[in-house]
Every structure is written in C-alpha cells, then in structure tokens.
Amino acid sequence: MANAAYTKKATTEEAAIVAEMVSKLLGDFMERSGSNFDIDIHNLTKTTTLLLTRNNYAAYIAYCSDHYPIGLLTISLGS
C-alpha cells in the first residue's frame, strides 16, 4: 500500500504538531465565520503539552505513509 495512512496517539513530544493542526483548524473557523482573534502558537503548544501530560486529554494524529501529519482527532477524557 503506497498511500497507506496510520494513526498514532500523540505524545508530549508531538505537542507542537497537535498545536499546529489545532491552529490551522481555528484559522479555518475564523475565515468561515468572519471572526478574528489571535492564535499564540507558543501558548497553544504549552497548553497542549500540559493537557497531554495530565492525561485527561488525548490526541490521535493521522500520518500518511511518508510520516507527514494529515489529520487530527482530539478527545477530552474528563477532569
């Protein structure tokens, strides 16, 4: 399968990837809704790292066969 994709639970080392994908999604929301707010990628990455560390939030990253992230699923596991 040349174009096979796979998913993997994100680790804290991948927090920047998760934050970047969330940032892109928020950017799409802003564009489509006419909203405008600042996205601080540094703080978003810090928050993502904290949430993943506390283990009450999970993110699964979809990667294409050449290991490039192509999708994201996030889950809140409660407090």
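Here is a short chat about the predicted model shown above.

Visitor: Hi! What helices and strands does the chain have?
Guide: There are 2 helices and 3 strands in the chain.

Visitor: And what pattern do they follow along the sequence?
Guide: Going along the sequence, you get β-α-α-β-β.

Visitor: OK, how far does the chain span along its principal axes?
Guide: The C-alpha trace covers about 40 × 30 × 20 Å.

Visitor: What share of contacts join residues at least 24 apart?
Guide: That's 54%, counting contacts between residues at least 6 apart in sequence.

Visitor: Switching topic: how many salt bridges are there?
Guide: The count is 1 salt bridge. Glutamate 14 pairs with lysine 8, and their closest N and O atoms sit 2.8 Å apart.

Visitor: Why can side chains like that pair up?
Guide: Side chains of opposite charge can pair when their charged atoms come close.

Visitor: Is glutamate 14 buried or exposed?
Guide: Glutamate 14 counts as buried, because its relative accessibility is 10% and the cut-off for buried is under 20%.

Visitor: And what about lysine 8?
Guide: Lysine 8 is partly exposed, at 32% relative accessible area.

Visitor: What about the accessible surface?
Guide: The chain's accessible surface is about 5600 Å², and carbon and sulfur atoms account for 55% of that.

Definitions and conventions:
Residues numbered from 1 in each chain as written. Predicted model: local features only at pLDDT ≥ 70, side-chain atom pairs only at ≥ 80, totals over all residues. Heavy atoms only, no water. Salt bridge = Lys/Arg side-chain N within 4 Å of Asp/Glu carboxyl O. Buried < 20%, exposed > 50% of the residue type's maximum accessible area, 1.4 Å probe, protein only. Helix = DSSP H or I, 4+ residues; strand = E, 2+ residues; numbered from the N terminus. Contact = heavy atoms within 4.5 Å. Areas by Shrake-Rupley, 256 points an atom, 1.4 Å probe, with all protein chains shown as cover.
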